[in-house]
Amino acid sequence: MAIEVNGKSIETDEEGYLTNLNDWEKGVAEIMAKEDDLELTDEHWDIITFLREYYEEYQIAPAVRVLTKAVGKKLGKEKGNSKYLYGLFPYGPGKQACRFAGLPKPTGCI
Amino acid sequence: MSELHTVNKSPFEKSSFASCLEHVLEGSAVLLYEDGIYAATKGTAVEGKLKSAQGVKFYVLGPDLKARGLGEDRVIDGVEIVDYEAFVDLAAEHSKVVAWV
Amino acid sequence: MSEAIKKFLYLNRRAPYGTIYAWESLEVVLIGAAFDQDVSLAFLDDGVYQIVKGQDTAAIEMKNFSPTYAALGDYDVTKLYVEKESLEERGLTIDDLMDLKWEDEDEDWAEKDSIKVVSRFELARIMEGQDVVFSF
């Protein structure tokens, strides 16, 4: 499978995650969000950026529980809860946000 | 021409390295790579084995040391650190390769 | 009522990269951490090599998963036992290992050491006190 971003074809796996992490650019998140009928706001980008930084540092996509806790610490307690995160990413902050961020599916997600 | 022996298993986990040393003849060479590189590091319980091998030239693969966080300063004196190209050259220079896997 | 919390110990006895065991163990630990149990890790024999600092796998073209050990604290895995004798047999000291920490949320995210060097005998006792021991 593949998605079209700015005239380029970028390869994805059967679940829509990027095959190659380094193919990511902002347009990837925008195209994927559009396909999910989602308009990306600054709040979405905060989470996407956070996930990319987390992966850069630890080489894994965090589990939702870990993401929630870490977001609370970094972006404030009012954002560190699953209600807020599911509000932004209705298909799940782990699965959907990681996909937008070009990360693999979080370890432990089935 | 002499033989090149290669060992890619940890000397702590398998007998590959010990057995290699018992079969290596004077004038031959031993190349340590992958988990075999641990046999080339200083201060281990098996350090004496390598040191007591007479007339044997030892090589260790640099990229495998680096991957495992072990600097060149940790390598036993006299062991030569080589890259992949030199590995290939060594294999070509010797009459045959004996792999201790 | 939640189920009783069980004590799980993961034994790590293999060096990284040469075999898949080290990475498999880490993945299982991260997945298992979702189940809210009392998890600890033991590094013994060649397993101590897994947490040696300064790993750089660029030249062998494999994924360097050593940074992932630093994420264990986020997964509430805060007890990493390293066997003293295994370090010594390999010419290593605690200074050769990554400085792995966890942050205590209850103490304003105070950083605490995750690694505890224990003797072979102490590790035997730690094993004795577990409900389940997984070997890698």
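Mentor: Of the 101 residues of chain B, 45% count as buried (20 or more other C-beta atoms within 10 Å of a residue's own, with C-beta atoms placed from the backbone). This is a predicted model, where local features need pLDDT of at least 70 and side-chain atom pairs count only at pLDDT 80 or more, while totals for chains, interfaces and linings use all residues. Residues are numbered from 1 along each chain as its sequence is written, and chains are lettered from A and ligands numbered from 1 in the order written.

Trainee: How many helices and strands does chain B have?
Mentor: Four helices and five strands, counted as DSSP runs: H or I of at least four residues for helices, E of at least two for strands. From the N terminus they go β-α-β-α-β-α-β-α-β.

Trainee: And what does chain B span along its principal axes?
Mentor: The C-alpha trace covers about 35 × 30 × 25 Å.

Trainee: Switching topic: which chains have the most contacts between them?
Mentor: Two pairs of chains touch, and chains B and C have the most contacts. A contact means C-beta atoms, placed from the backbone, within 7 Å.

Trainee: How many residues does each chain put in?
Mentor: Chain B gives 17 residues and chain C gives 19. On the chain B side, that's five nonpolar, five polar and seven charged. Charged means Asp, Glu, Lys and Arg; nonpolar means Ala, Val, Leu, Ile, Met, Phe, Trp, Tyr, Cys and Pro; the others, including Gly, are polar.

Trainee: How far apart are the nearest C-alpha atoms of chains A and B?
Mentor: 16 Å, and chains A and B don't touch.

Definitions and conventions. A residue is buried if 20 or more other C-beta atoms lie within 10 Å of its own, exposed if 12 or fewer, and partly exposed in between; C-beta atoms are placed from the backbone.
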